[in-house]
Amino acid sequence: MPRPLKELKIPKNKKLSPELAFALVVRERRIALGMNQAELEDDGMDRSYISKIELAQRQVALRGIITIARKLGMEPDDLLREVVRRMEGKG
């Protein structure tokens, strides 16, 4: 049985940070695809690291952005475009 997701602290009436917007997009897309965090693992990114990304506790390097996007069935530019939309309050 999977562990329950920790709640993200989303500020009210403030723009999202890039880390928080990225966390939301990755988490929502992963859940929509029915994937668990372990399915996003790759060299240098274990499940605990993915968890910290989804909690906005870690920044992701370019290699990680590309890997995560592809594992989520997205192109990296589409993933980043969605992150920017969230930061601008359009998502």
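A residue is called buried when its relative accessible area is under 20%, exposed when the area is over 50%, and partly exposed in between (1.4 Å probe, protein chains only). By this definition Glu 82 is buried, because its relative accessibility is 19%.

The structure is a predicted model: local features need pLDDT of at least 70, side-chain atom pairs count only at pLDDT 80 or more, and totals for chains, interfaces and linings use all residues. Residues are numbered from 1 along each chain as its sequence is written, and side-chain values use heavy atoms, with hydrogens and water left out.

**The nonpolar core**

A nonpolar core is a set of buried Ala, Val, Leu, Ile, Met, Phe, Trp, Tyr and Cys residues joined through side-chain atoms within 4.5 Å. The largest one here has 20 residues, and those with the most contacts inside it are Phe 22, Val 26, Ile 68, Leu 72 and Leu 79. Two or more residues are given to this core by each of α1 (18-32), α2 (47-54), α3 (62-71) and α4. Helices are DSSP runs (H or I, at least four residues), numbered from the N terminus. Helix α1 supplies the largest share of the core, 6 residues. Contact means heavy atoms within 4.5 Å; leaving aside residues up to four places away in sequence, Phe 22 touches Ile 53, Val 60, Ile 65, Ile 68, Leu 79 and Val 83.

**Helix α2**

Ile 50, Ser 51, Ile 53 and Glu 54 are buried in α2. Seen down the helix axis, the buried residues of α2 fall within an arc of 160 degrees, so they line one face of the helix; the arc is that of the directions from the axis to the C-beta atoms. These buried residues pack against α1 and α3.

**Salt bridges**

A salt bridge is a side-chain nitrogen of Lys or Arg within 4 Å of a carboxyl oxygen of Asp or Glu. The count by this rule is 10, including the following pairs.

| Pair | N to O distance |
|---|---|
| Glu 54 and Arg 27 | 3.7 Å |
| Arg 70 and Glu 75 | 3.5 Å |
| Glu 82 and Arg 86 | 3.3 Å |

Glu 54 in α2 and Arg 27 in α1 are 27 residues apart, and their pair links distant parts of the chain. Both Glu 54 and Arg 27 are buried. Glu 75, in contrast, is partly exposed, with a relative accessible area of 40%.

Arg 86 is buried at 15% relative accessibility.
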